[in-house]
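Student: Could we go through the helix packing in this one?

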Amino acid sequence: MTDAADPSNYVRQREKGARDVSYPVSPEPLPIPVYDNHAHLEIEDGQGMSLDEHLLRAAEVGVAGVVQAGGDIESSRWSAWAAASHPRVLAAVAIHPNEAPMYTAKGMLDEAIAVIDDLAAQPRVRAIGETGLDFFRTDGEGLPAQFESFEAHIALAKKHGVAMQIHDRDAHDEVLETLERVGAPERTVFHCFSGDAGMARIAADRGYWLSFAGNVTFKNAQNLRDALAVTPRERILVETDAPFLTPTPFRGRPNAPYLIPVTVRFLAEELGMPLDDLCAQLAANTREVYGAFEG
């Protein structure tokens, strides 16, 4: 575990396997800066980059800031530290739905939620996330802990007046039902949106934001492109989920905020929007959800 007094040295390693772990070349810079709405920069992949290197390389291609997301106590502490230390970083803090059953099994879920509550009081922690439901990796015995954790995180987002980033995997109906039953925070974001056009319409009608990652470029992701097509422009966000979900043509290689322009150009083409207009819209949407990065 990280030292609560000094979380800066925390790091996780992504398994390399047999894939190409070299970083792709930098894309052409965007004409108007945008933001990466969700990344895990505490996870090293390939040869790895420091947080400063990530931010510098991102700035060179028109990515002005990053929302760094936590998923457990340690990564949430690191996220809060990163935001407090860097003017181009804001933080989201939470217990990931797949971690919630593990904390529950140790009798530590309430303690973990209390840590997130404390972190969320920091001025540059602007979201609770990622939280939600995941029926892909968690079996039936772990689901009550996921629901308990999700509802507790919803309450924290409301308490602190911050946004909420939702992790939803194979649980679309249950996530939407929970938000309706409990009451969604004012600013609710579906991180790495994974639904279809029907779900996108429901989410947009309820005032939620949909954040699209590099997997929208994958050949087998027509559902995401269909969802993008029906999402109001003022409800669209973009993210990397780095180091995961690297966009085509670099799929499988390490992802990083500096690759956001690849996804943004793809979105512009899909939407039939001038690149300048989409960049300006994405930047405005991000600031509406999380506030200003600087200052």
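This is a predicted model: local features need pLDDT of at least 70, side-chain atom pairs count only at pLDDT 80 or more; totals for chains, interfaces and linings use all residues.

Tutor: Residues are numbered from 1 along each chain as its sequence is written, and side-chain values use heavy atoms, with hydrogens and water left out.

Student: Which residues of H4 are buried?

Tutor: Leu109, Ala112, Ile113, Val115, Ile116, Asp117, Leu119 and Ala120; buried means under 20% relative accessible area (1.4 Å probe, protein chains only). Helices here are DSSP runs of H or I with at least four residues, and strands are E runs of at least two, numbered from the N terminus.

Student: What do they pack against?

Tutor: The partners are helices H2 (73–85), H3 (100–105) and H5 (143–160), together with strands S5 (89–93) and S6 (125–134). Contact means heavy atoms within 4.5 Å.

Student: How are H4 and H5 oriented?

Tutor: Their axes, lines fitted to C-alpha atoms over the stretch in contact, come within 11 Å and cross at roughly 20°. H4 and H5 are therefore roughly parallel, the term for angles under 35 degrees on a scale from 0 to 180 degrees between N-to-C directions.

Student: Switching topic, at what angle do H9 and H10 cross?

Tutor: The axes of H9 (residues 260–271) and H10 (residues 275–290) cross at roughly 115° and come within 9 Å. That makes H9 roughly perpendicular to H10, a label covering 65 to 115 degrees.

Student: Which residues make that contact?

Tutor: H9 contributes Val264, Arg265, Leu267, Ala268 and Leu271, and H10 contributes Leu275, Leu278, Cys279 and Leu282.

Key: Buried means under 20% relative accessible area, exposed over 50%, partly exposed in between (1.4 Å probe, protein chains only). Angles under 35 degrees count as roughly parallel, over 145 as roughly antiparallel, 65 to 115 as roughly perpendicular and the rest as oblique.
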